[in-house]
Amino acid sequence: MDNSSVWKGERKSYPALQGDAERDIVVVGGGIAGYLTAFKLASEGQLVTLIEADELFKGTTGRTTAKITSNQGPVYYDLCARYGENTAKLYYEAQLDGMRGFKELKEKYGIECDWAETNGYIYSCGSKTRLKKTFEVMKNIGAECEWVDGLPHFDATCAIKSKRQYLFDPLKFLFALPVSFEIYEHTRALDIDATNKVVLTDKGKIKAKKIIIATHYPIINSHGGYIFKLRQSTSYTVAINKKLTGEMFLDEKEDGLSVRPFAGGTLFGGGDHRTGRILDTGHFLSLKERAEKTYGADTVISCWSAEDVMTYDGMPMAGKYSPATDGIFVITGFNKWGMTNSIICSKVIADAVMDRENVYSELFSPQRRITGSTGAFIVNALVNAKEITMGYFRMTFKTSDDVPRGTGMVVRHNGKKRAVYRDEEGKLHIIGSMCPHFHGELKWNADTHTWDCPCHGSRFDIYGNILSEPSSKCCKYEEE
C-alpha cells in the first residue's frame with residue numbers, strides 16, 4: 001500500500017545552496033506558510049530567498065486534508081470564553097479573509113487544482129451542550145451557519161453546518177503559482193545567529209537583512225519560549241478509492257473522525273494524539289474500519305500521517321519572533337487549520353516586514369498573553385522535564401536480540417542504550433535513543449515506522465534522518 005498522500009501536483013525541483021551568501025529577506029521553510037509569505041513579499045517587489053531542508057511541501061503541507069473552511073467548531077466558543085466575543089469575531093473574519101484569499105489567487109491565475117465548493121459539518125456524537133454553545137457564539141459573531149439535529153451516517157446527535165466551504169489539491173495550487181523569488185531545496189537551517197541575522201545551513205551561511213522562520217516548529221530555542229508555548233499532535237489519514245460523499249465532516253472531539261471527498265475518492269482521518277505519547281497502535285486499521293462502518297467502503301489505496309503544531313488558545317502565531325530579535329519573524333501553530341491561517345499569516349508577516357499595520361497582528365502575536373493556560377503551561381513543562389530526565393535514568397535489560405522483525409524498541413546494543421529497528425529481512429537499523437533537540441528519549445511509532453520524541457515532537461526515520469522539527473540535527477546512524 002502507498003504511504004504517501006494523494007496530493008501530487010506537478011513537482012518542480014530547485015538546487016541546493018552552494019556556499020555563503022548575502023540576501024535581503026530569507027524565508028526558512030518551504031511549506032505552504034513560508035511559500036505564500038515569499039510569494040506575497042516577492043509580488044510586492046521584495047527580493048526574497050526561500051530555503052527548504054528537503055523538497056517543497058514534503059512535510060505537513062503535503063499531508064494535510066486540505067480544507068479551506070471557517071467552520072472550525074469549538075474554537076469560537078473557546079475563544080469567546082477565553083477572550084470575549086470580539087476576539088472570536090475577529091478570528092472568524094480572519095478565516096473568511098483566508099478563504100477569499102485562496103479563491104482570488106485561483107481565479108487570478110486560472111489554477112486547476114480540483115477546487116470544489118461544498119458544505120462543511122462539525123458534529124457531536126455525545127452531548128449537544130458544547131456544540132450548542134458554539135453555535136450560539138457563531139451566530140452572535142455573524143457566522144453563516146445552521147443547526148442540524150443528527151447525521152445518520154455518523155450516529156451524530158447534532159451538527160453545525162456551514163455552506164460555501166472549499167476543498168482543493170494544495171500541491172496543484174501551490175506549484176501553479178508563478179515563482180518570482182529564489183528557492184533552494186535540500187538546504188537545512190542548522191541554527192540562526194539572531195544577533196547578526198545569519199542563517200547557518202548545512203550548505204553555507206546566509207547573511208540576511210530580515211529572516212522569517214516558517215519551519216514546521218520554530219528552531220531558535222534561545223528566544224521566544226516556543227518550547228513552552230507549543231505542543232505537537234500526530235494524526236492519521238487513509239484514502240478510499242470511492243467518492244462516498246460530496247461534503248466534509250469533522251467530529252468535535254480532538255481525536256474524532258474527519259471525512260472529505262477528493263478527486264479520486266474519500267479521505268478518512270483521525271486518531272490524533274500528542275506526538276511521541278503513543279498509547280495504542282492500529283490507527284490506519286481503525287480508520288479503515290470506520291470507513292467500512294460509515295459507508296461500507298473497504299478499499300484503501302493510500303495511508304499517511306501528519307503532524308500539527310498546537311497552541312494553547314487555538315490561534316496561530318505570526319509576527320516578531322521575540323522582543324529581543326529585531327528583524328526576525330515567525331509563523332507557527334496552525335492547530336490543524338493550516339490552509340486559511342497560512343494565507344492570512346503570510347499577509348501578517350509581509351505587513352510586519354514592510355512595517356505596515358495589519359488588523360490581525362495583535363490577534364496572532366506570538367507575544368500575546370494566552371489567558372487561562374497557566375495550568376496547561378505547567379503540566380506541559382513538567383511532562384517534558386519528566387521525559388527528558390527519565391530518558392537518562394530509565395533502565396532496560398532487553399537487547400537488540402529481543403527486537404522482533406518489523407518492530408522498533410529502545411534496548412541495549414553493544415552495552416549502550418540505543419533505538420533499534422529490525423526490518424522484515426532481519427537487518428538492524430540502530431540510532432541514538434535520545435532526540436538531539438533536548439534529549440528526550442525517542443518512542444517507536446509502529447503505525448508510521450518512525451522514531452518520535454515525546455517532548456517537542458521531533459520525528460526521525462529508521463536511519464535517524466529528520467522528518468520533522470524542531471530538531472535541526474539527525475540522530476547518528478550506526479552500522480550493525
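**Reading the model**

Q: Let's begin with one residue. Leaving aside its neighbours within four places in sequence, which residues is I160 in contact with?
A: Contact just means heavy atoms within 4.5 Å. Skip the neighbours within four places in sequence, and I160 is in contact with N71, G120, Y121, I122, L131, T134, F135, M138, C145, E146 and W147. Before we go on, remember that this is a predicted model, in which local features need pLDDT of at least 70 and side-chain atom pairs need 80 or more, while totals for chains, interfaces and linings use all residues. Residues are numbered from 1 along each chain as its sequence is written, and side-chain values use heavy atoms, with hydrogens and water left out.

Q: What separates the C-alpha atoms of I160 and F135?
A: They sit 25 residues apart along the chain, and 6.7 Å separates their C-alpha atoms.

Q: Where does I160 lie, and why is I160 called buried?
A: Strands are DSSP runs of E, at least two residues long, while helices are runs of H or I of at least four, both numbered from the N terminus. I160 belongs to strand 6, residues 158–167. Buried means under 20% relative accessible area, exposed over 50%, and partly exposed in between, using a 1.4 Å probe on protein chains only. I160 is buried because its relative accessible area is 0%.

Q: Which residues have the most contacts inside the largest nonpolar core?
A: In soluble globular proteins, nonpolar side chains tend to be buried together. A nonpolar core is a set of buried Ala, Val, Leu, Ile, Met, Phe, Trp, Tyr and Cys residues joined through side-chain atoms within 4.5 Å. Here, the largest one has 74 residues, and Y35, F102, F173, F181 and F364 have the most contacts inside it. A second, separate core of 27 residues includes A21, Y217, I219 and I370.

Q: What does F364 touch, not counting residues up to four places away in sequence?
A: With those left out, F364 touches Y91, A94, M315, P316, M317, A318, N341, I344, C345 and V348.

Q: Which residues line the largest cavity?
A: A cavity is a set of points on a 1 Å grid where a 1.4 Å probe fits but cannot get out, and lining residues have an atom within 4 Å of a point. In this model K67, T69, N71, G120, Y121, I122, M248, F249, L250 and W337 line the largest cavity. At least two lining residues come from each of strand 4 (116–124) and strand 12 (248–251).

Q: Where is D313 found, and which side chains have a polar contact with the side chain of D313?
A: Look in the loop between strand 15 (300–310) and strand 16 (317–320) for D313. A polar contact is a pair of N or O atoms within 3.5 Å; within protein, one must be able to donate a hydrogen and the other to accept it, and residues adjacent in sequence count only through side-chain atoms on both sides. The side chain of D313 has a polar contact of 2.7 Å with that of Y83, and one of 3.3 Å with that of T311.

Q: Why does D313 count as buried, and what is D313 in contact with beyond four places in sequence?
A: D313 counts as buried because its relative accessibility is 4%. Beyond four places in sequence, D313 is in contact with L79, R82, Y83, R368 and I370.

Q: What does the side chain of N358 reach?
A: That side chain reaches the backbone nitrogen of Y360 at 2.8 Å. N358 lies in the loop between helix 8 (338–353) and helix 9 (374–393), and N358 is buried, at 14% relative accessible area. Neighbours within four places in sequence aside, N358 is in contact with K347, V348 and D351.

Q: Now the backbone. What is phi for A66 and for K197?
A: Neither is a glycine, yet A66 has a positive phi of about 55°, and K197 has a positive phi of about 55°. A66 is in the loop between strand 2 (48–51) and strand 3 (67–68), buried at 0% relative accessible area. K197 is in the loop between strand 8 (189–193) and strand 9 (198–201), buried at 18%.

Q: What kind of peptide bond joins E469 and P470?
A: A cis one, with omega at about 25°. P470 is in the loop between strand 24 (466–468) and strand 25 (477–478).

Key. 1 Å grid on protein atoms, 1.4 Å probe; cavity = no way out; pocket = protein on both sides within 12 Å on 5 of 7 lines; lining within 4 Å.
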